[in-house]
Structure formats: structure tokens, C-alpha cells
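Please keep the sequence and the structure in view while reading.

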Amino acid sequence: MRYSACSGRWSLLSGAVALSLLVGPALAADPAPQGPVPQNDLLNAELWMQRSVEYKANALAVYALGKIQLDKALADKTWTAATEQTGAYQDLPPAVVLDLDETAMDNSAYQAGLVTSNGDFSPKTWDAWVKAEKATAVPGAVEFTQYAESKGVKVFYVTNRNADQEEPTRRNAQALGFPMGGNVDTFLMSKEKPDWGSAKSTRRAYIAKEYRIVLLFGDNFGDFSDASNGSDAERLKAYEAAKEHFGRDWLMLANPGYGSFESAPYGHNFKLSADEKRAKKIGALEPWVMPAQ
């Protein structure tokens, strides 16, 4: 999930940095630093997502579980994953809903470019990345969605990419092998309709009118619940109320790079400086303090 991409939280990068983001991994080819080494909070997260077998194994496990749960859901007409599902939905055709960014599509090259350039996210460079159509598939995602389609399940993508980014997004997804929905518009973008903002419940409700939503996939609490933008305490309360969904019909991909988890400690106040944000995040930690020697 690309979190709050249009919130204006980040300053624009220069044209040179924007170009460097599209070059991506080539910047890291020389292991000997020729100057100051960029310091960026994304480093370990993006190293994990791009290089670790643990990340790949985690993603494959989530989508393998998805196939098991999908089969269960198809055998039980009372099964629904959507809290927005109302009325007599039992005989509606089944659907699964996936977030795109870091759930189905891997944008770690863009994020890694922020690390190597010591930059920060901006709508301008993100738009350039989307239109470059260079995202790759999260391990297991294409195979799961193709499996769902083979079972007669409609695959919807509810993403916070903007409506004006739909065409390059569709081309990128099609090139990766994701089901495209046939004559049904299955790419539901932010701002595509007046009430489709970053909160996703209105889009799930839109799908639930004509489909029985059996599984939700995401990398951020906001892909499942609009309660994601609360405080840490509010998020925990919402999680506790909904936790029986996780592993059953809500399936979460790991994304240590960005999301509402990262902004909750500083109240989602993106106007704060980087140091102010970092100080509040450190303050949210619960460390073990070594006893005095």
C-alpha cells in the first residue's frame, strides 16, 4: 500500500534525484563509499525486501494460505471478509480484494532509490515511478490471483494510486500476469469517484453490492479497516476488535518500509521535521534498559 501518497507530507526532490530513483540498484554497485554514506531510515527495510529470502518466504506463505482459505470460503456461502457486506449476499458471485503496492506489486526499487539518494518520498517522483511501469510482482501474488480467477473468483485491486495513474498501473499489472477483470473495471483507484479517498471502506462497499468479498489482502491496517489512522492506542483497540479476521479472511503482507504504523507515533503529522518524527518514533519504543554495573 502506498500510504498517504497525496498528503503533501514530503518535499519534492530535484530532477536529478528523480532520475536516480528510476536507475535504482545500479547506484549501489560500488561498495566503496566515495563520500558521506546516505543515512536513511528505510535502509534495513529495503535491504530486507530486496535481498532477504525471509521476505520472499513470508510473502509465499501468505499467498499459500490464501489459496487454502479461498477454497474454504467458496464452500461456505455465509463467508465474507468485508465488514461492509450487508443484505442477502450469500448468492452473489465471489471476489477477492487486494491492495497493490507492497501487497501485489513490489516498489522496493523506488524505495531503495530514496535510500541511495538520501531522499524522501514525493508525489512527483512517485508519479514518475508509476509511469515508468517498473514495479515487479510480490512473490506468490500472481500465482494466487490466477488461481482465484481459475476458480471463477473476480479479483479486484483497491489501491491508493491516483485515478490519473490507472492506465500505467494496469499496463504494469498486465505485463506481470495479474488478472485484468475482463469487462469489469477491477482497478479501483483513489479519487476515481468523489467519495473514494485514501480510506478504502467506500470502495469495498461498492464491490460488496455485487460480489461476496471472501478475502482481503494488504500490507497496512488501512487495507482492512479505516481505523488505521488513529493513535497507537486507537489502532491497537481496533486491531483487538478485529483480530479474529487475520489469518482467516484478512491476510497481511509484511512491509517494514512505510505505512500507518510508522506515522502513528507522531500523530500522522507529516509537517514535522525528520528529526521531530524520529524523536517521537524513538519515544514510542519500549526498550529494555540494562542495569547499572
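At roughly what angle do the axes of helix α2 (residues 43-51) and helix α3 (residues 53-74) cross? They cross at roughly 70° and come within 5 Å of each other, where axes are lines fitted to C-alpha atoms, for helices over the stretch in contact, and angles run from 0 to 180 degrees between N-to-C directions. The α2 helix is therefore roughly perpendicular to α3, a term for angles of 65 to 115 degrees.

This is a predicted model, in which local features need pLDDT of at least 70 and side-chain atom pairs count only at pLDDT 80 or more, while totals for chains, interfaces and linings use all residues. Residues are numbered from 1 along each chain as its sequence is written, and side-chain values use heavy atoms, with hydrogens and water left out. Helices (H or I, at least four residues) and strands (E, at least two) are DSSP runs, numbered from the N terminus.

| Pair | Axis distance | Angle |
|---|---|---|
| α2 and α3 | within 5 Å | roughly 70° |
| α2 and α4 (residues 108-116) | 9 Å | about 145° |
| α3 and α6 | within 9 Å | roughly 15° |

With α3, the α2 residues Trp 48, Met 49, Gln 50 and Arg 51 meet Val 53, Glu 54, Tyr 55 and Lys 56, contact meaning heavy atoms within 4.5 Å. By class, this contact of α2 with α3 has 4 nonpolar, 1 polar and 3 charged residues, where Ala, Val, Leu, Ile, Met, Phe, Trp, Tyr, Cys and Pro count as nonpolar, Asp, Glu, Lys and Arg as charged, and the others, Gly among them, as polar.

Towards α4, the contact involves Leu 43, Glu 46, Met 49 and Gln 50 of α2, together with Ser 108, Ala 109, Gln 111, Ala 112 and Val 115 of α4; these residues divide into 5 nonpolar, 3 polar and 1 charged.

Because of their crossing angle, α3 is roughly parallel to α6, the term used for angles under 35 degrees. Here Tyr 63, Gly 66, Lys 67, Leu 70 and Asp 71 of α3 meet Ala 141, Glu 143, Phe 144, Tyr 147 and Ala 148 of α6.

In α6 (residues 141-150), the buried residues are Ala 141, Val 142, Phe 144, Thr 145 and Ala 148, buried meaning under 20% relative accessible area (1.4 Å probe, protein chains only). Seen down the axis of α6, they fall within an arc of 165°, so they line one face of the helix. Elements covering these residues include α3, β1 (94-98) and α7 (166-176). After α6 comes Gly 152, with a positive phi near 80°.

Technical notes:
Angles under 35 degrees count as roughly parallel, over 145 as roughly antiparallel, 65 to 115 as roughly perpendicular and the rest as oblique. Buried means under 20% relative accessible area, exposed over 50%, partly exposed in between (1.4 Å probe, protein chains only). The arc is that of the directions from the helix axis to the C-beta atoms.
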